[in-house]
Amino acid sequence: MAPVFAQGLSSPLGTPAPSKSAPAGTSSAVPHGQGAGVHSPLSPFAPLKPRTDVVAWSVLTDVKTRIQNRRIVPVYPAAVTALDQKTIRLQGFMMPLGPGEQQRHFLLASVPLTCAFCTPGGPESMVEVRTVKPVKYSQAAVVVEGKFHVLQNDPAGLYYRFTEAAGVK
């Protein structure tokens with residue numbers, strides 16, 4: 001009988017090379033997240049249309065990571081930390097966290113969900129939303145306005161949260 005070997009998993013991106021430009025306390029060997037995710041050209045949902053009244057996902061996804069107490073933690077740039085506790089607008093796609101047409105608690109993602117079991121990007125590409133009034137579920141892009149929180153140590157691994165939020169037309 002031939003020996004059986006376990007197959008190791010590897011990233012299709014390969015192993016990152018050490019970076020001399022990484023900020024102090026960070027490592028280029030630690031994943032920097034997946035960015036805003038990829039909107040599949042085969043998606044039946046239209047990509048986000050550019051708007052001047054919302055924060056761009058490129059701002060929120062510009063996050064590095066570092067290891068702290070054996071955990072991967074976010075290192076936010078100044079442009080992101082400046083948004084903490086501010087009322088902002090963000091455009092994205094709803095990922096309901098419960099059943100029903102009316103949603104008060106959901107994730108807002110930078111790209112549409114393509115699989116019910118997969119997230120469309122890393123934690124930097126999603127915002128937990130808690131609304132004051134229910135928002136009607138939509139598979140099309142929505143705009144949400146609320147108090148934005150930059151999370152430093154969320155037990156669920158989230159980077160961002162909206163509270164006191166509302167849907168915007």
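Figure 1. Where is the place of Arg70? Arg70 sits in the loop between strand E1 (64-68) and E2; strands (E, at least two residues) and helices (H or I, at least four) are DSSP runs numbered from the N terminus. This is a predicted model, in which local features need pLDDT of at least 70 and side-chain atom pairs count only at pLDDT 80 or more, while totals for chains, interfaces and linings use all residues. Residues are numbered from 1 along each chain as its sequence is written, and side-chain values use heavy atoms, with hydrogens and water left out. Arg70 isn't a glycine, yet its phi is positive, at about 60 degrees. With a relative accessible area of 84%, Arg70 is exposed (exposed is over 50%, buried under 20%, partly exposed in between; 1.4 Å probe, protein chains only).

**Figure 2. Glu164, another positive phi, this time in a strand.** Glu164 belongs to strand E7. Its phi is near 50 degrees, again positive in a residue other than glycine. Glu164 counts as exposed, at 58% relative accessibility.

**Figure 3. Tyr76 and its aromatic partners.** Searching the whole structure turns up five aromatic pairs (ring centres of Phe, Tyr or the six-membered ring of Trp within 6.5 Å; planes under 30 degrees apart are stacked, over 60 edge-to-face, the rest tilted). One of them joins Tyr76 to Tyr159 edge-to-face, with 6.0 Å centre to centre and 85 degrees between the planes. That pair ties together distant parts of the chain, 83 residues apart: Tyr76 is in the loop between strand E2 (71-75) and helix H2 (78-81), and Tyr159 is in the loop between strand E6 (142-150) and strand E7 (160-168). Both Tyr76 and Tyr159 are buried. Tyr76 also pairs with Tyr160, where the rings are tilted, 5.8 Å centre to centre and 50 degrees between the planes. Here, too, distant parts of the chain are linked: Tyr76 in the loop between E2 and H2, and Tyr160 in strand E7, 84 residues apart. Put together, Tyr76, Phe148, Tyr159, Tyr160 and Phe162 make up one aromatic cluster.

Figure 4. His149 lies in strand E6. Buried or exposed? At 15% relative accessibility, His149 counts as buried. Its side chain makes a polar contact of 2.7 Å with the side chain of Thr163 (N or O atoms within 3.5 Å; within protein, one must be able to donate a hydrogen and the other to accept it, and residues adjacent in sequence count only if both atoms are side-chain atoms). Setting aside neighbours within four places in sequence, His149 is in contact (heavy atoms within 4.5 Å) with Asp84, Gln85, Tyr159, Tyr160, Arg161, Phe162 and Thr163.

**Figure 5. The nonpolar cores.** The largest nonpolar core holds 23 residues, and Leu60, Val127, Phe148, Tyr160 and Phe162 have the most contacts inside it (a core is a set of buried Ala, Val, Leu, Ile, Met, Phe, Trp, Tyr and Cys residues joined through side-chain atoms within 4.5 Å). At least two residues of this core come from each of helix H1 (57-60), strand E3 (87-96), strand E4 (102-109), strand E5 (126-136), E6 and E7. E6 gives the most, with four residues. Apart from this core lies another, of six residues, including Ala109, Met126, Leu151 and Leu158. Back in the largest core, take a look at Val127. Not counting residues up to four places away in sequence, Val127 touches Trp57, Leu60, Leu90, Phe106, Leu107, Leu108, Phe148, Tyr160, Arg161 and Phe162.

**Figure 6. The chain and its confidence.** The protein chain has two helices and seven strands, running α-β-β-α-β-β-β-β-β from the N terminus on. Of its 169 residues, 33% are buried. Among contacts with a separation of 6 or more, 64% are between residues 24 or more positions apart. The chain averages a pLDDT of 82, with 79% of the residues scoring at least 70; pLDDT is the predictor's confidence in each residue, from 0 to 100. Over residues 3-23, pLDDT stays under 50, and the model has five contacts beyond four places in sequence for them. Residues 25-33 also stay under 50, with 21 such contacts.
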